[in-house]
Amino acid sequence: MTRPALPESRELLQGLFEISQAISQVQDPEQLLRKVMDVAVETVGAERGFLVLREGPDRIRFAVSHNISEEGASRIRRPPQSIVNQVLQTGEPVLSTDAAVDARFSASESVLDAQVRSVACVPLVVRGQVQGAIYVDSLTGRGRFNQETLLFLTAFASQAAIALENARLYASLREENRLLREQLRSEYDFSEIVGNSPALRELFEILPEVSASDATVLIEGESGTGKELVARAIHQNSPRRHRPFVTVFCSSLAESVLESELFGHKRGAFTGASENKVGLFETANHGTLFLDEIGEIGPQIQVKLLRFLQNGEYRRVGETQMRHSDVRIVAATNKILADEVRAGRFREDLYYRLNVIHISLPPLRERKDDIPLLADHFLRKYARRSPKRILGFSPEAYKALRSYSWPGNVRELENAVERAIVLAKSEVITPADLRLEPLREVDSVGDTERTLEEVQRDHVLRVLRANDGNISQTARKLGVSRRWLHYKLKEWQE
Ligand SMILES: Nc1ncnc2c1ncn2[C@@H]1O[C@H](COP(=O)(O)OP(=O)(O)O)[C@@H](O)[C@H]1O
Ligand SMILES: [Mg+2]
């Protein structure tokens, strides 16, 4: 009798293929076990099957089954002659093509009970140790097993064992990782940073590790997105927290002034350098130096900063001697620094040195879920300082907050809430208190129709908007007092 060997072999190969696929894809041990069982039973044409795993020296776990109850399986496993126990003990596969008349198992009532015709059982071996067994049988003789079945099951089991070991390892690593993160998190406090958008959750994930390390950080985000807040939080949660946190606004100073601010200078290094000057790199020693608006620094400082990031050394202006400082650099920019590199305005090597850890803070309009949380946060903060009793926002106010585009980001939101509390006429803040309607664009040339009061109102509101709603700053820009500004804003609201 010739057997159609090809289709059968192809099926067996397919089974092996499926299990090697599962090795790389399935990371959940239980899911993998089910997959192993299903493929094994299907491939050899068995009706029943189960898989046991050694959990300890004397503990065997009934892990997964196909068409058979744990109770039924336990009868098959019953010692002393049970096939499964034999396999577990010897590590050798067992095949019986007619179990009912097989002398080896004639005493095994379990096999006789079940009227089993064909039985195969193979060990799961991990690193030379029998870690379990796969058992399959056929009652009808439909899938009569042969040596080829056994060969397949043995190869299959060795693949499955590797997959299982990987999945277990992966699961235990994942658990360990989770525990470590949890432990780490409980030692940190980032409660100042409010938000629950995916971007912020991702940030909270990495902040503990970032804080614990000394790695240079580059924070990108539009103005008002919280870059400085994050930089401070990193410092506050770092081992450097008891040392200085020094902020430098790189955009506000001319290059030569900034250079001597950062690195210091020697007396007589240039006209006006009447004394030796200590630089901020020295002041911030053992602490954190926050370089805000890093995209604005000129080529000379870029070179010096690169040097410092490479070997921790710098030179005071007018000095030849190298100085050392242990400063952690956190830099921020509201530009896309990679674009500055492409445009040739920022050194590529410096960019990579700065960008060891990259944090990107999306504009508020791209994380609207954070808006109500932030608004409530600022309301609590400013209501506490206000003599008024403010309970919260009306539903319409929340809606208005969400639909506004926030060009000044969180800073603008904070100022809007502070202003709304000043302007609020009741205990609940309404959209009118928030004053979020866009300014009407006016053509000032040929504008002869408006009263002085109207022009004043538009101008004040425009300056207020340009200053992200900051009242003190607006008052200063307009050359008026805060009191006057408050008074006017209230009046115009009527
Ligand atoms: N996620 C946030 N949670 C709470 N306050 C925030 C958040 N983001 C920004 N702020 C607040 O908004 C204001 C502007 O943030 P800041 O860090 O100065 O922004 P940037 O440096 O990006 O211009 C600050 O008062 C800051 O505390
Ligand atoms: Mg800032």
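**Close-up views of a predicted protein model**

The protein contains 20 helices and 16 strands (helices are DSSP runs of H or I with at least four residues, strands are runs of E with at least two, and both are numbered from the N terminus). The model is predicted: local features need pLDDT of at least 70 and side-chain atom pairs count only at pLDDT 80 or more, whereas totals for chains, interfaces and linings use all residues. Residues are numbered from 1 along each chain as its sequence is written, and chains are lettered from A and ligands numbered from 1 in the order in which they are written.

**Figure 1**
Of the 494 residues in the protein, 36% are buried. A residue is called buried if 20 or more other C-beta atoms lie within 10 Å of its own, exposed if 12 or fewer do, and partly exposed in between, with C-beta atoms placed from the backbone. Among contacts with a separation of 6 or more, 68% link residues 24 or more positions apart; two residues are in contact if their C-beta atoms, placed from the backbone, lie within 7 Å.

**Figure 1. The shell around ligand 1.**
Ligand 1 has 16 residues around it, and Val194, Gly226, Lys227, Glu228 and Val410 come nearest (a residue is near a molecule if its C-beta atom, placed from the backbone, lies within 6 Å of it). Helices α8 (227–236), α14 (370–385) and α16 (409–423) each contribute at least two residues to this shell. By type, the shell has five nonpolar, seven polar and four charged residues. Here Ala, Val, Leu, Ile, Met, Phe, Trp, Tyr, Cys and Pro count as nonpolar, Asp, Glu, Lys and Arg as charged, and the others, Gly among them, as polar. Domain 2 (198–362) and domain 3 (364–437) each provide at least three residues of the shell, the domain bounds being taken from an automatic or database domain assignment.

**Figure 2. An open sheet of five strands.**
The strands of this open sheet follow the order β2-β1-β5-β4-β3, and their pairing is antiparallel; two strands pair if DSSP finds at least two bridges between them. Strands β2 (60–66) and β3 (94–96) stand at the edges with a single partner strand each, so one side of each has no neighbour in the sheet. From one strand to the next, the twist averages 15°. Strands β1 (residues 48–54) and β5 (residues 129–138) run antiparallel and are joined by six bridges. Leu51 is placed opposite Ile134 in β5. Helix α2 (residues 29–44) lies across β1, β2, β4 (118–126) and β5, and runs at about 55° to β2. For such angles, axes are lines fitted to C-alpha atoms, for helices over the stretch in contact, and the values run from 0 to 180 degrees between N-to-C directions.

**Figure 3. Gly49 and its surroundings.**
Gly49 belongs to strand β1. This residue is buried because 25 other C-beta atoms lie within 10 Å. Apart from neighbours within four places in sequence, Gly49 is in contact with Met37, Ala40, Val41, Ser65, His66, Ile134, Tyr135 and Val136. Gly49 and Ser138 are 89 residues apart along the chain, and their C-alpha atoms are separated by 8.8 Å.

**Figure 4. Strand β10 and its two partners.**
In strand β10 (residues 288–292), five of the five residues are buried. Thr288, Phe290 and Asp292 are on one side and Leu289 and Leu291 on the other, and both faces are covered. Strand β7 (residues 245–249) pairs with β10 in the parallel sense over five bridges, and Thr247 stands opposite Phe290 in β10. The pairing of β10 with strand β13 (residues 328–333) is also parallel, over four bridges. In β13, Val330 is the bridge partner of Phe290.

Asn67 lies in the loop between β2 and α3 (70–76). Its phi is near 60°, a positive value in a residue other than glycine. Asn67 is partly exposed, with 13 other C-beta atoms within 10 Å. Arg435, in the loop between α17 (431–434) and α18 (452–466), has a positive phi of about 50° although it is not a glycine. Arg435 counts as partly exposed because it has 18 C-beta neighbours inside 10 Å. Glu366 is found in the loop between β14 (357–361) and α14. Glu366 lies 169 residues from Ser197 in sequence, and their C-alpha atoms are 9.4 Å apart in space.
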